[in-house]
Amino acid sequence: MKMRPESESELAEMIRAADAPLSVVGGGTRVWWRAVDGVDLSTAGLAKLGLYEPGALTLVAGAGTPVETVEAVLAEKGQRLAFEPPDLRGLLGVTGVSTLGGVFGANASGPRRVQAGAARDFLLGVRFVDGTGSVVKNGGRVMKNVTGYDLVKLMAGSHGTLGVMTEVSLKVLAVPEREATLVAEGLDTGAALAALRASLGTPFDVSGAAHDAVTGRTLIRVEGLKGSVDYRAGRLKEAVPGPWSVVTGEESAALWRDVRDATVFAGGTAPVWRVSVTPGRAVDLVSALDEAGLAHRALYDWGGGLIWLEISGAADGGAADGGAAVLRAAVDRIGGHATLVRADMGVRAKVPMFHPQADGVERLSSALRARFDPRGILNSGLMGRSAMPAS
Amino acid sequence: MEMPAPDPSVLARKPDLVARLRQVLPEGAVIDDPAETRAYECDALTAYRCAPLAAVLPSTTEEVAAVLRICHEMDVPVVPRGSGTSLAGGALPTADSVILGVARMNAVLETDYDNRFIRVQTGRTNLSVTGAVEADGFFYAPDPSSQLACAIAGNIAMNSGGAHCLKYGVTTNNLLGVTLVTMQGEVIEIGGPWLDAGGLDLLGVICGSEGQLGVVTEAVLRILPKPEGARPVLIGYDSNEVAGACVSDIIEAGVLPVAIEFMDRPCIRATDAFSGAGYPDCEALLIVEVEGSEAEIAEQLEVITAIARRHNPVELRESRSAEESAKIWLGRKSAFGAMGQINDYMCLDGTIPVSALPDVLRRIAQMSGRYGLDVANVFHAGDGNMHPLILFDANKPGDLELCEEFGAEILKLCVEVGGCLTGEHGVGIEKRDLMSHQYAPEDLEAQMAVKDVFDPKWLLNPAKVFPLGVSSARRRMDMAAE
């Protein structure tokens with residue numbers, strides 16, 4: 001059975017009337033959400049494009065609006081979603097169409113996170129229906145807004161557990177005149193990550209800093225006006241020594257799409273994690289996996305602050321938890337969090353998708369969920385310590 | 001401005017409260033002499049004053065926790081205070097409250113250039129965060145105009161912005177982690193030097209919660225490498241409409257200046273007379289600043305001045321030296337001082353969609369005639385964050401009330417055109433009762449639900465943010481619980 005409201009009021013009625021858990025679905029591309037028990041509730045019917053003001057850098061749209069639709073509308077005016085939402089269909093082996101609600105619900109941010117900010121930083125306003133069926137709005141369509149509490153941030157990354165977003169307003173940015181990427185092949189991971197951190201410490205406004213340890217390729221991106229990009233690419237080559245060559249235009253863009261979407265792990269089935277750490281601690285984290293004999297492949301983004309990890313097995317042949325015990329213990333030691341992005345049902349049955357949180361944070365978070373969804377019907381059990389994967 | 005009547009039972013317990021606070025704080029950290037508590041009777045919204053029951057100045061997170069535990073147990077309201085620079089009355093005490101000042105907690109705890117963060121105690125001033133890292137080529141981006149005095153604690157509470165947030169964002173975009181002490185005295189770490197705290201974005205909702213969810217004692221802030229250089233250009237127009245159109249065109253062209261500031265004629269005249277900045281006498285003035293190397297600055301200014309010229313400016317002045325840059329900024333930076341010289345003023349900060357700018361300015365001018373009060377406009381045009389300054393005479397009976405009425409009408413207009421009541425100053429007590437114009441009861445209920453979770457007794461910074469009538473049941477519940 002599937003519910004597909006065509007309006008916000010219809011959605012509110014459905015939630016009020018619901019007597020069983022609901023699995024909130026945008027375009028169905030973030031398949032791990034579906035590990036939730038319940039009737040599918042699709043936001044695909046809430047896909048109306050609203051006001052787009054290129055001169056104000058703002059756009060309003062229904063939460064079910066496909067990201068592709070929005071990107072096409074923006075491209076006509078030379079603008080884009082600057083937080084570079086990842087397209088994980090290849091990684092997860094699914095089809096479907098990513099929606100705005102899904103992207104913001106997951107706070108899904110790409111390589112430009114280090115410079116432009118996360119998805120949550122571009123979300124200016126939301127309308128949502130909470131777990132009681134009450135319609136709530138927060139924020140607006142202006143860039144600066146401190147009127148009352150910032151529930152917009154709270155909704156971003158809440159994975160549908162506090163409410164179902166119906167409409168979002170967001171900040172967009174112009175597509176720069178030029179992009180250029182410094183590419184180096186064959187750097188070892190330690191040297192590559194040191195180079196990335198050094199580049200982010202220069203005044204040259206680096207908008208991407210990644211190292212693919214699988215192919216041994218290191219990337220540093222700058223964007224802007226043509227002269228400025230050429231200047232900064234040149235200065236970066238001096239400031240961060242290495243065997244750099246420079247690519248521009250579509251060739252550069254293609255490299256970053258692969259980083260954004262973790263394409264290097266596409267097509268496989270081994271568990272994949274997305275780990276956020278202090279950039280300088282990335283090497284420590286991966287060493288902990290080596291010490292535990294956990295075979296893995298890594299893609300580093302955000303200057304090392306984001307590690308995509310594919311766990312291929314353990315020396316003793318057993319990694320039935322997808323490496324969760326070893327990885328999460330290491331993350332707890334150095335600080336950060338690890339999210340299970342891809343795994344088979346066997347692993348999911350044992351491992352919560354989100355990193356378990358410290359007591360105080362967990363208590364506040366679960367109390368918030370209980371307030372916004374007192375019956376526990378929205379993506380129930382997806383987040384928080386009670387999170388038990390679907391059977 | 002109505003504030004709830006102080007709770008007599010709390011007032012009666014003052015000796016007991018002060019004695020208990022003295023047990024957990026060092027000598028000199030508890031202030032209860034009425035002659036001294038008067039120092040905390042207001043913040044930068046000086047029209048409203050009320051001395052607190054007592055003030056405490058803890059030096060550590062543990063001391064903050066101890067104070068909050070005592071106040072929680074004794075049902076005493078607590079008003080957190082950074083440097084007291086709020087323009088919205090965010091740190092205004094009630095007579096039955098304890099002011100918790102973080103001014104003594106101003107240490108830098110950790111500086112990490114490799115990972116581009118600084119960890120500070122939140123009593124540290126905004127500018128001194130940059131001061132701690134600028135010799136090494138870094139800075140902390142949010143730059144509220146009170147940055148010399150205002151504390152990071154207050155910046156986090158109000159989600160402060162500044163002139164340069166068009167490019168770098170406001171506090172929430174530069175805050176990586178906090179140490180939060182809840183009203184119950186529990187110490188909670190949220191986030192850290194990595195990007196995006198996991199789970200629900202508690203950091204996002206704490207930032208901008210006006211000290212009502214907890215007391216933030218330490219913060220991990222993102223620091224950025226300082227750009228190679230910066231340079232402004234001054235552009236004058238003979239109409240607000242044209243200046244507004246120029247702003248939109250610059251933004252749409254894809255150059256992202258670090259700042260686009262806008263002044264209208266009353267503001268230009270006042271600031272020029274005050275500062276001798278040498279501004280042209282025109283209807284609207286834009287200051288657009290870009291950053292980068294010399295060549296990059298030139299490249300960006302070429303695009304910007306080409307757009308500006310298409311709109312036939314009456315003046316277009318590109319800075320050619322550091323002195324000229326300083327002169328261009330001089331008037332803008334002294335705008336508030338200049339206004340204060342002429343008159344008492346009330347500063348609003350409603351935010352509107354950039355496209356609504358000319359219409360809103362026209363309607364404010366009409367209102368100004370109707371109320372008989374002058375208004376000067378100076379604002380961050382790139383993001384639509386207005387700062388209408390309404391001039392009034394505090395010594396003239398009824399003028400303050402008239403000014404507040406005028407201000408409220410401007411803010412309602414901001415909401416009507418698709419904007420909001422406050423872009424960076426916060427709600428405090430000043431805009432508290434206007435919240436119902438922007439938000440429906442369900443919207444406010446959702447926000448208050450968050451407060452219920454963090455501070456079930458509603459003891460932290462009470463009677464702020466939410467209209468008194470809307471929050472009264474919850475605040476009474478707290479009283480009834482005694």
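Helices here are DSSP runs of at least four residues, numbered from the N terminus. The model is predicted.

**Two asparagines with positive phi**

B:Asn159 sits in the loop between helix 6 (152-158) and helix 7 (165-168) of chain B. Its phi is near 50°, a positive value in a residue other than glycine. A:Asn379 lies in the segment after helix 13 of chain A. Its phi is also positive, about 40°, although A:Asn379 is not a glycine.

**Helix 14 of chain B**

Helix 14 of chain B covers residues 357-371, 15 residues in total. At 1.5 Å a residue it should span 21 Å, and its end C-alpha atoms are 21 Å apart, which agrees. Which of its residues are buried? They include B:Leu357, B:Val360, B:Leu361 and B:Ile364. Seen down the axis, the buried residues of helix 14 of chain B fall within an arc of 100°, so they line one face. An α-helix has 3.6 residues a turn, so residues three or four places apart point the same way. On the other side of helix 14 of chain B, B:Arg362, B:Gln366, B:Gly369 and B:Arg370 are exposed.

What does the buried face pack against? In chain B, the partners are helix 9 (240-252), strand 13 (259-264), strand 17 (375-380), strand 18 (388-392) and helix 15 (399-416). Just after helix 14 of chain B, B:Gly372 takes a positive phi of about 70°.

**Contact between the chains**

In this model, 72 residues of chain A are in contact with 74 residues of chain B. Several elements of chain A each supply at least two residues of its side, among them helix 7 (189-200), helix 8 (226-239) and strand 15 (272-277). Helix 13 of chain A gives the largest share, eight residues. By class, the side of chain A that touches chain B has 31 nonpolar, 28 polar and 13 charged residues.

**Domains of chain A**

The domain assignment of chain A gives domain 1 (2-174), domain 2 (178-260) and domain 3 (263-348). The centres of domain 1 and domain 2 of chain A, taken over C-alpha atoms, are 31 Å apart. Their contact takes eight residues from domain 1 of chain A and 10 residues from domain 2 of chain A. On the domain 1 side, these are four nonpolar, two polar and two charged residues.

Technical notes. Residues numbered from 1 in each chain as written. Chains lettered and ligands numbered in written order. Predicted model: local features only at pLDDT ≥ 70, side-chain atom pairs only at ≥ 80, totals over all residues. Expected span 1.5 Å × (residues − 1). Buried ≥ 20, exposed ≤ 12 C-beta atoms within 10 Å, placed from the backbone. Arc of directions from axis to C-beta. Contact = placed C-beta atoms within 7 Å. Domains from an automatic or database assignment. Nonpolar A, V, L, I, M, F, W, Y, C, P; charged D, E, K, R; others polar.
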